[in-house]
Amino acid sequence: MATALELDRNEVVDEIAALVARSRAAQEQIANYTQEQVDALIRAMVWAVCKPGVSEEIAQFTVEETQLGNYEGKFLKIDRKTRATLYDIIDDKSVGIIEELPERNIVKIAKPMGVIGALSPSTNPEATPVIKAISAVKGRNSIIIAPHPRAKLTNKKIVDLMRDAIVKMGAPADLVLGIEIPSVEKTNELMRQVDRVLATGGAPMVKAAYSSGTPALGVGVGNAVITVDETANLDDAAEKIRISKTLDNAASCSSDNSVILLDAIYDEMLEKLKAQGGYVVNADEKAKLQGAIWEDGHINAKIVAQPAQFIANYAGFQVPDEVKFFIVPETGAGPDYPFSGEKMTVTMALYRARDIDEAIALTNAIQSYQGQGHSCGIYSNSDENIMKLAFGTKTSRVMVNQPQAPSNSGNLWNGMRQTFSLGCGSWGGNGTNNNISWRDLINETWVSKPLAQPKVLPSDEELFGKEIMEKI
């Protein structure tokens, strides 16, 4: 006789199986859509959530439900980021032959993967479902979104808007589905039953995605480290660090977690950071702040993406109303220096380095603790220093003279792919370094024809070199 636990498990399996069946039936109806039909669909999906009046409503609704971030940050994401992502992919060819390599006589044909299972976090629940959905549909897939429980109503609101738009375009609504009453068990089961998993969320959930048995694209921990050198425009750097550190109250994993100032500009730059609303904590406040941010070695959910004044009050000290972020002087990295890790708050660790080489060593030390493979940045006008940092760090992205949080996932001022899913490569335990987009959500058929002129192996001396041949 089945136990209560087994019955619950069977109910979860059946519920997800029903969703996947609906999703698969919808996907089959667009499997042979033309490029024009696909692009019309994703245009409609984005317009449904970002048109005037709707984006404002979603931003406010998201803040009220999640109690994370702020209205301004949510509005930028749902209103601007969704538009920018659409603009980034709308002219991409994703149907039929998408690439030709004449020198190899190869053509590549795009094929849909099927049903995409997508995880959406509580920190970015407004734009993440939209961006993942249009990336899936661009590849003629369907998608099922598993939201964080803290954002389940926001997810339903956005999914319903996209479904209505899809129907008005003559396509099946079930191209986009959401789990309306989410749970860890349902999310895990979804990941087992779909054709591809696109996981954005906490480290345990990403690990579960890679362990699901389904091909998965996960993202690593963010812990961005930013260097400011002696050639930088300090006013520009200070403003952009503030923008990045405070965007949506640091809900983004790309928020500046540590800032390294070179000796030559340390004092001047620190004053500029303070002028931007930075507050340098003293030793007593640092201890109280540490106690507020971490509980039993984990980030305290109560202070994530909250304003500086709320965090200070919670920690037991007061800061002026004009304070926008905390500056915590730090020297080391690793478990004994928790401020060197990701903080998910308007808090940055501040380091001092003699030169770019020490800054690189510090960056590597910090990110070997947390955030390796994700992102780092530099404010500099020295190509030598910029490339030294790029070559010397284990990172997938180096953002130069740009606010990290709104830049490394793509923005109008750079050429990065627009996304909210940032692969961290093997450094971060991920299968890709990419800014994940529709191209990661298709299968490709390579058609290979014989070369007009077959390749001819060169002589051994030409291929191996005389020195190798004589030495070995």
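Start with Lys 157, which sits over the face of Phe 61 at 5.0 Å from the ring centre. Arg 352 does likewise with Tyr 266, lying over that ring's face at 4.2 Å from its centre. A charge counts as over a ring if NZ of Lys or CZ of Arg is within 6 Å of the ring centre and within 35 degrees of the ring normal. Keep in mind that this is a predicted model, where local features need pLDDT of at least 70, side-chain atom pairs count only at pLDDT 80 or more, and totals for chains, interfaces and linings use all residues. Residues are numbered from 1 along each chain as its sequence is written, and side-chain values use heavy atoms, with hydrogens and water left out.

Now for rings meeting rings. The structure holds four aromatic pairs (Phe, Tyr or the six-membered ring of Trp, centres within 6.5 Å; planes under 30 degrees apart are stacked, over 60 edge-to-face, the rest tilted). One of them joins Trp 294 and Phe 339: the centres are 5.2 Å apart and the planes at 85°, so this pair is edge-to-face. Trp 294 belongs to strand 11 (residues 294–295), while Phe 339 is in the loop between strand 13 (325–329) and strand 14 (347–353), so the contact ties together parts 45 residues apart in sequence. Strands here are DSSP runs of E, at least two residues, numbered from the N terminus. Trp 294 is buried at 15% relative accessible area, and Phe 339 is buried at 0% (buried means under 20%, with a 1.4 Å probe and protein chains only).

Another pair is Phe 317 with Phe 326, whose centres are 6.0 Å apart and whose planes are at 65°, so it is edge-to-face. Phe 317 is buried, with a relative accessible area of 6%, and Phe 326 is buried with 0%.

Methods
Helices (H or I, at least four residues) and strands (E, at least two) are DSSP runs, numbered from the N terminus. Buried means under 20% relative accessible area, exposed over 50%, partly exposed in between (1.4 Å probe, protein chains only).
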